[in-house]
Amino acid sequence: MSAVLNLPLAAQRRLALLGTGTVGTAFVQRYASLQDRGVTLPSFSWLANSRTARACQQTPAQELAQANLAARGAVALQPWAEAEGLQRGDVVVDATASDEVANWHEQWLARGVHVVTANKLGQGAQLARAQAIADSGQQGAAHYGDSATVGAGLPLLSSLRALVAGGDRIHRVEGVLSGSLAWLFHQYDGQRPFSAWVREAAEAGYTEPDPRVDLSGEDVRRKLLILARASGIALRAEQVQVASLVPDALAALSPTDALGQLSVLDAPLQAYWQQAQEQAGCLRFVGGFDHDGAAVGLRVLPRDHPLAGGAQTDNRVAIHSDRYHAQPLLIQGPGAGADVTAAALLDDVLAIVRR
């Protein structure tokens, strides 16, 4: 028998990472930490960003550093084309926010390549794509690890799927689903300009690279779609009503210019904060869905409301179902940050290779 066949199954698999930003970097760091502790992981085959793809001939950390030095402004590559060399049982980790990469999830799964993702666009955009991903996973006998897409690994998706599998019927789900917006509204006290808090959240890595994605409610829309579909509700994107915090003038700017014009948020948010004070409540950015539709937006909540608690980047989600009718099931925990997202990705990788 060959030496390869004597290796643990996880060691025979190969792993590829797409995305070398904050989450990708944290993933590589955690991968190395787990290896140092003796955890058996798939071999790190290659990693890529939009500018370059690198085989891991050195350590993944060294290759990641080189990938991040690749010249910007170069012709954008299609690094996912490297995945053509992956075989059934290998694992692709998508740490991007790319719609183009999300388009490939279905094809990889159909070929038997497992997909682990923090990219919400696979299951959090078009309903047809989400359904195709589910069908392709069954066709290729491959697994789709998506716990990092909502709640940074909190047991939200797994809880909903377990309830549905057990015969429960989900009636309504609502929650504070954006870790960045949770942090902002826990911090904002009406004294310091709201835009200053947004910049601080961006620098801490709590927001998307363009914080308008969070402030617009688009990030929460995607998460709602993922949660609804896991609940057995075939929600379409156009059924989600979103009340954006981003004025049209700010939305029209380039990402670089927008960062310099965030002060246009200050007066409207000051008015919202004053309204909350007058009602003896607090501001929370809430998303929710039921069988009739979904809505996302800023709300004034009583301070004893189930969604008013938590701290820092906590997500706080209430699940109403046949089983949890009189009182909702509450799930709470950190919902933003590269480290917790990377941990969720690696948890999914390990769950796949240990099956």
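Reader: Between which two strands is glutamine 312 found?

Author: Its loop runs between strand E10 (293–302) and strand E11 (314–321). Strands (E, at least two residues) and helices (H or I, at least four) are DSSP runs, numbered from the N terminus. This is a predicted model: local features need pLDDT of at least 70, side-chain atom pairs need 80 or more, and totals for chains, interfaces and linings use all residues. Residues are numbered from 1 along each chain as its sequence is written, and side-chain values use heavy atoms, leaving out hydrogens and water.

Reader: What makes glutamine 312 partly exposed?

Author: Its relative accessible area is 42%. Buried means under 20%, exposed over 50%, partly exposed in between (1.4 Å probe, protein chains only). So glutamine 312 is partly exposed.

Reader: What is the phi of glutamine 312?

Author: Positive, about 50 degrees, though glutamine 312 is not a glycine. Most residues other than glycine have a negative phi.

Reader: Where is alanine 152, and what is its phi?

Author: Alanine 152 sits in the loop between E6 and H7. Its phi is positive too, about 50 degrees, and alanine 152 is not a glycine either.

Reader: Why does alanine 152 count as buried?

Author: Its relative accessibility is 11%, so alanine 152 falls under the 20% limit and counts as buried.

Reader: How do the residues lining the second largest pocket divide by class?

Author: That lining has 19 nonpolar, ten polar and six charged residues. H6 gives the largest share, seven residues.

How values were computed:
Nonpolar A, V, L, I, M, F, W, Y, C, P; charged D, E, K, R; others polar.
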